[in-house]
Every structure is written in structure tokens, then in C-alpha cells.
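Please keep the sequence and the structure in view while going through the points.

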Amino acid sequence: MKKLLVFICFALGVCVSAQTDEVWVEYRQKIGFLAAHHAVMGHMVQDHAFANELSVFFQPKGRKHWHAAYKYPVVGVSLYRGNAGNDNILGRYYGAYAFNEFPFVRKSTFRFVGKLAAG
């Protein structure tokens, strides 16, 4: 039962965030799997794929013209680490990227944003 509960937590995605007035810090864990879409890839799948992501982001205060023009986007940076389920053949991957989240719809109980990132 305990293993099932742990699996459900990882499958739904674990997200922890902390917030002050201007800066947010967020940690996420992700789980997935490598889909062997050709028969010759069948030996590569040995385990689930896991990833961790740590993000720091903030809301600009509107001091620049583009802040208001783009509806005060959230700006941040993320560090990303993971594996594809077979460290011996596929290895691990690491990354960092900066991003902007542009709000399309912002309500009190709902947000719809687009994220533009490069890294």
C-alpha cells in the first residue's frame, strides 16, 4: 500500500513552492516512461524516467514599457535534471533555461499562460 501511495504522488507530480511578495521558488518532481516506438528499442526501457526541476521567478513591477504591453509577465530561471529510465545506455540529462510566462487570461480562480523559454 505504501508503494502505491508513493507511486501515485509521483505520477500526479509533486510540486512545492514558496512565495514572498516579489520572488517565488518552486520545486517539481516528474515521472514518465520511454516509449519504445520501434522493436529495436525494446531493450532500452528498464525503468521509469524521473526528473527534478527547481525554478526561481518574479513578477516585474511595471517599470519598463514592455511590462504593461505584455500584461506584466512572470520572469524566471529553471534548473532541470533527469534520466530516461536507463542510465547505462541513455545516461542522464541536465539543463538550465530562462523563461517568460505571458498571461492570456487572469481571473481570481483561473490562469491561462503561455511560456516562452530558451536554454
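This is a predicted model: local features need pLDDT of at least 70, side-chain atom pairs count only at pLDDT 80 or more; totals for chains, interfaces and linings use all residues.

1. Strand pairing of E4 and E5. Strand E4 covers residues 74-83 and strand E5 covers residues 92-106; the two run antiparallel and are joined by 10 bridges. Within this pairing, Gly82 lies opposite Tyr93 of E5.

2. Strand pairing of E5 and E6. E5 also pairs with strand E6 (residues 111-118), again in the antiparallel sense, over 8 bridges.

3. Nonpolar surface patch. Strands E2 (23-32), E3 (49-58) and E4 each contribute at least two of its residues. Val77, which belongs to strand E4, counts as partly exposed because its relative accessibility is 41%.

4. Salt bridges. The whole structure contains 4 salt bridges. In one of them, Arg28 meets Glu26 with the closest N and O atoms 3.1 Å apart. Glu26 is buried, since its relative accessible area is 15%, whereas Arg28 is partly exposed at 35%. Another joins Arg92 to Asp87, at 3.2 Å between the closest N and O atoms.

5. A salt bridge between strands. Which residue meets Glu101 in a salt bridge? The partner is Arg111, at 3.1 Å from N to O. This pair links distant parts of the chain, with Glu101 in strand E5 and Arg111 in strand E6, 10 residues apart. Glu101 is buried at 15% relative accessible area, while Arg111 is partly exposed at 47%.

Methods. Residues are numbered from 1 along each chain as its sequence is written. Side-chain values use heavy atoms; hydrogens and water are left out. Two strands pair if DSSP finds at least two bridges between them. Helices (H or I, at least four residues) and strands (E, at least two) are DSSP runs, numbered from the N terminus. Buried means under 20% relative accessible area, exposed over 50%, partly exposed in between (1.4 Å probe, protein chains only). A salt bridge is a side-chain nitrogen of Lys or Arg within 4 Å of a carboxyl oxygen of Asp or Glu.
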